[in-house]
Every structure is written in C-alpha cells, then in structure tokens.
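The sequence and structure come first.

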Amino acid sequence: MSRYHASSALLATGWHDNVLFEVDDAGLITALATGVAADGAETLNGPVVPGMPCLHSTSFQRGMAGLTEKGGPQGDSFWSWRRLMYRFIEQLQPDDIEVIATQLYVEMLQAGYTSVAEFHYLHHDVSGAPYANRAETSERLLAAAQRTGIAQTLLPVLYGHDNFGGTPPTSGQRRFINTVADYAGIVERLVAATRGSAAQRIGIAPHSLRAVTPAMLADAVALAATLGPDTPIHLNLSAQLKEVNDCLAWSGQRPIAWLLDHAAVDGRWCVIHATHTEIGEAERLARSGVVAGLCPTSEGDLGDGFFNAVPYLRNGGRIGVGADSHVCVDPFLELKLFEYGQRLRFERRNVLAKGIGDSLGGHLYRITTAGGAQAMAQPVGSLAVGLRADWLVLNPDDPALAEQRGDGLLDAAIFGPARQPVRDVMVAGRWVVRDGRHPQAAASLGRYRAVMKRLLG
C-alpha cells in the first residue's frame with residue numbers, strides 16, 4: 001500500500017484540500033480522505049487531477065506529422081492526404097511501428113494523457129501478405145505501451161473494402177485487409193496476450209461503414225459480445241462530406257442515420273469524428289449512450305469541419321478527445337480547439353459552458369475524462385475509491401497556472417498560454433513522468449531519430 005498527500009485534488013465530488021490517497025499494489029485507489037494531514041505520506045508537488053484518456057490514436061501517423069503540408073491541387077482534402085499516407089506506410093516495418101509508438105507514448109504521458117485507445121489497422125507486411133504471426137504489429141503496440149507505462153485499449157481494426165457496397169480494396173489498402181475469420185484470430189491472440197493485465201485490454205473496431213459491409217459489421221459486433229458485455233466497439237463515422245454523399249448514394253441514408261437504424265448502438269460504442277451530424281442525428285446519437293470521439297487538431301488539419309456539439313450535449317451526449325494522426329500531442333489544446341471551433345461557427349464565446357458562472361475548462365475536462373473512460377472501458381476518468389490511480393500533478397510553476405485554484409487551474413491550462421502544465425504523471429499507481437520528463441525520453445528519441453532518418457532519406 002502506498003500513500004500520497006495532495007494540497008488540493010479534483011475528486012469525483014469536486015475540488016478538495018489536503019487529500020490523502022491510499023493506492024494498492026494493483027494500482028487502485030483503496031481509500032481517500034479530505035481535510036487531513038500528510039501523516040508521513042508522499043507529498044505531491046502540485047494540484048492533482050485525473051489523467052486524460054486519449055480515445056483515438058493511430059500511432060504510426062506520428063511519423064507523418066509535418067510531411068503533408070505542401071500545396072496541393074485545388075480541393076486538397078482528407079482524400080488527397082490519405083494517398084500520401086498510403087505512400088508513407090509502404091516503408092514501415094514492425095520494428096518501425098514499435099519505435100514510433102514508443103516515442104509517441106512517451107510524448108503523450110509527458111503531455112498528460114494516461115491511457116490510449118489505439119486504432120490499429122496496419123496488419124500485414126508491405127506486400128499485403130500476413131506475417132507468420134498475424135498479430136505481429138498489434139503485439140508491437142502492446143510492447144510499446146508496456147515499455148512506456150501508458151494504459152492501453154488496443155483496437156485491432158477490421159477493414160475489408162474501399163467504399164460502401166463492398167467495393168474492392170485498392171492496392172494502397174493491401175496492408176489493412178482481413179477476412180472476418182482472420183480478424184477474429186488476431187483478436188483471440190491479443191486477448192490471450194493481455195489476460196490478467198491491470199492496464200491493457202482489447203476492443204473491436206470495424207473501421208467505418210465504407211470499409212466493412214453490413215454483414216461484416218454484424219460479425220464484428222457479435223465478436224465483441226463474445227469478449228464480454230462491456231467490450232468497446234469503435235468506428236469512424238461521418239467524418240467527411242464525400243463519405244456522407246457516398247453513403248446516401250449507396251443506402252439512401254446518411255451514415256449516422258444508417259448506423260442507428262441498423263445496429264444496436266449503446267454505451268459500448270464510440271463513433272470517431274461524427275463531424276457531419278445534423279441536429280436530429282445529434283439528438284438521436286446522444287440518446288443512444290454512445291461516446292463521440294472528437295479529435296479537433298486532426299480534424300482541423302484535414303479540413304473536416306466542426307462537430308455539431310450544441311444539440312448533442314444539450315441532449316446528454318457523451319464525448320471524449322483523441323489525437324488521431326498526432327499533428328498535436330496535447331489534451332489541453334484538443335479541448336481548446338474543440339471550444340474554439342464552436343466559437344468560430346457561432347461567432348460567440350463560451351459556447352459549451354454548462355451555465356452562467358460555471359468554469360468552461362473544468363466542465364470540458366470532467367466530461368471528456370468521463371467519456372474517454374467509458375469509450376476505453378477502463379476504470380479511470382475520476383479520482384475515487386475503486387478506480388485506478390491514473391492522475392496528473394499540475395505544474396503551478398507554469399506562469400499560466402500561477403496562483404490559480406480549483407477549476408481556475410483547468411481554465412488556465414486549457415485556455416491560457418500554458419507551456420508545461422503537467423509536472424508529474426502516475427498510471428496504475430506508478431510514476432511514469434517526474435518533473436515533466438519520462439525516464440526513457442532520451443533513449444526513445446534516439447531510436448525514433450534513426451527510424452525517421454531512414455524513412456525520410
């Protein structure tokens with residue numbers, strides 16, 4: 001049993017002073033008390049908040065950041081970006097995938113993410129042939145998470161087609177493609193590899209309605225049910241206008257309406273992006289209990305548009321944030337851009353504030369940690385007895401946080417000019433970042449440099 005004392009902490013019941021935590025060897029909070037002295041416990045070096053889950057990550061794309069910012073033809077969009085991505089992955093070997101993910105996870109922990117939902121579809125070798133171990137690249141991601149100490153929900157992706165109606169895949173997609181049976185084999189191996197882990201679990205991810213047929217989607221949902229009633233199900237949905245129009249041409253319905261009419265969508269589901277959502281769709285989506293997985297920096301990078309947040313949240317919708325392509329590794333900036341997108345859309349301030357006088361930063365932080373925890377099906381998202389000790393010690397020496405208290409700290413960390421708002425990071429009761437630095441940061445960067453030198457050479 002380990003004991004920690006915080007001068008202030010954001011608990012499930014709000015901010016409290018002089019908080020004593022007890023954490024067991026499994027990394028769970030077993031007791032806490034407020035308004036008490038340290039009594040020999042380790043003193044934490046700043047205010048404490050729950051760690052942020054990153055509910056959508058495509059880790060290999062960290063190596064692409066900055067490589068696609070060249071002027072393209074008129075109409076440059078996600079689809080032209082995707083062609084460049086397909087060229088990038090032609091060089092990636094399993095060792096590269098593990099090295100890039102390790103570097104990314106170090107950066108994520110230092111930034112304040114304590115868990116990651118890894119949406120992984122790069123299954124096969126560069127020719128499109130399966131590895132002798134079909135779960136080879138997935139197991140490399142498990143290894144990267146174990147090495148760095150980040151908690152992980154690994155989501156192997158089922159990908160079968162290029163577009164709606166079972167269109168055959170393109171050559172650029174050859175590394176992604178699996179039958180349902182082969183996909184189930186990958187999942188089975190990963191479940192065995194993570195059995196008994198306190199911080200890793202496996203979910204199911206049919207890539208999108210354009211990449212799987214209705215029959216494949218049904219098979220994926222059935223597979224999730226065999227893994228347990230709370231197994232996460234993630235898919236990309238309604239991210240680009242072309243996708244919406246292609247879905248209309250195929251089915252006569254927009255993607256969100258089709259999904260809600262043809263699948264038993266509930267709290268296990270996380271729909272990624274859901275950018276192009278009409279008011280009625282937003283209301284129906286909210287009432288389903290699903291989590292909307294928003295990736296504002298990636299959506300901004302790709303020019304996707306703005307999520308229809310107001311009707312969705314007004315109807316009790318749940319949200320979390322992800323980083324997707326990792327053009328940015330900063331949960332506080334994701335929240336800032338989420339709100340700023342709504343301000344630009346409606347031309348007013350504090351669009352997503354809960355009520356008059358309420359902290360916008362505090363509100364966004366609470367709902368996204370809770371939504372991320374739900375989407376990952378991990379015992380995190382708040383600081384309470386029975387949940388895992390995944391927390392951030394904020395850095396009161398960052399000038400943006402100077403003399404702030406309570407939710408003012410989160411307002412300042414998200415909307416102020418914070419440079420290093422996080423000082424220390426704990427995951428599952430173990431310190432993974434101290435004084436803003438991960439112990440493997442230097443070694444990881446050296447390996448990452450070597451990989452990037454070869455890839456860019």
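D435 is exposed, at 60% relative accessibility; exposed means over 50% relative accessible area, buried under 20%, and partly exposed in between (1.4 Å probe, protein chains only). D435 sits in the loop between β17 (430-433) and α14 (441-456). Helices (H or I, at least four residues) and strands (E, at least two) are DSSP runs, numbered from the N terminus. The phi angle of D435 is positive, about 50°, although D435 is not a glycine.

The model is predicted, so local features need pLDDT of at least 70 and side-chain atom pairs count only at pLDDT 80 or more, while totals for chains, interfaces and linings use all residues. Residues are numbered from 1 along each chain as its sequence is written, and side-chain values use heavy atoms, with hydrogens and water left out.

**Loop residues**

A274 also has a positive phi, about 45°, without being a glycine. A274 belongs to the loop between β12 (269-273) and α8 (279-288).

E403 is in the loop that runs between β15 (391-394) and α13 (407-415), and is exposed at a relative accessible area of 80%. G66 is in the loop between β6 (52-57) and α1 (78-89); at 48% relative accessibility, G66 counts as partly exposed.

What covers them? An α-helix has 3.6 residues a turn, so residues three or four places apart point the same way.

I233 is part of strand β11 (residues 233-237) and is buried, with 0% relative accessibility. Leaving aside residues up to four places away in sequence, I233 touches I204, P206, V221, A224, R268, W269 and C270; contact means heavy atoms within 4.5 Å. A222 is located in helix α5 (residues 214-227) and is partly exposed, at 43% relative accessibility.

**Distances along the chain and in space**

The table lists C-alpha separations for residue pairs.

| Pair | Apart in sequence | C-alpha to C-alpha |
|---|---|---|
| I233 and A375 | 142 residues | 8.2 Å |
| G66 and R343 | 277 residues | 26 Å |
| A222 and A111 | 111 residues | 36 Å |
| E403 and N236 | 167 residues | 41 Å |

**Cysteines**

How many disulfides does a search of the whole structure find? The search finds zero, where a disulfide is a pair of cysteine sulfur atoms within 2.5 Å. A disulfide is a covalent bond between the sulfur atoms of two cysteines. For C270, the closest cysteine sulfur is that of C295, 8.3 Å away, which is too far for a bond. C295 is in no disulfide either, and its nearest cysteine sulfur, in C54, is at 7.1 Å. C270 is buried, with a relative accessible area of 0%, and C295 is buried at 0% relative accessibility. C270 is also one of the residues that I233 touches.

**The chain as a whole**

The protein chain has 14 helices and 17 strands. Its radius of gyration is 21 Å, close to the 23 Å given by the globule rule for 457 residues, so the chain is as compact as a globular protein of that length. The radius is taken over C-alpha atoms, and the globule rule is 2.2 Å times the number of residues to the power 0.38. The C-alpha trace spans about 65 × 50 × 45 Å along its principal axes.

Of the 457 residues, 59% count as buried. Among contacts in the protein chain with a separation of 6 or more, 73% are between residues 24 or more positions apart.

The accessible surface of the chain is about 17,200 Å², and carbon and sulfur atoms make up 51% of it. Accessible areas come from the Shrake-Rupley method with a 1.4 Å probe; for residues, only the protein chains shown count as cover.

The chain carries 40 positive and 46 negative charges, whose mean positions are 3 Å apart. Lys and Arg count as positive and Asp and Glu as negative, while His and the chain ends are not counted. Each charge is placed at NZ of Lys, CZ of Arg, CG of Asp or CD of Glu.
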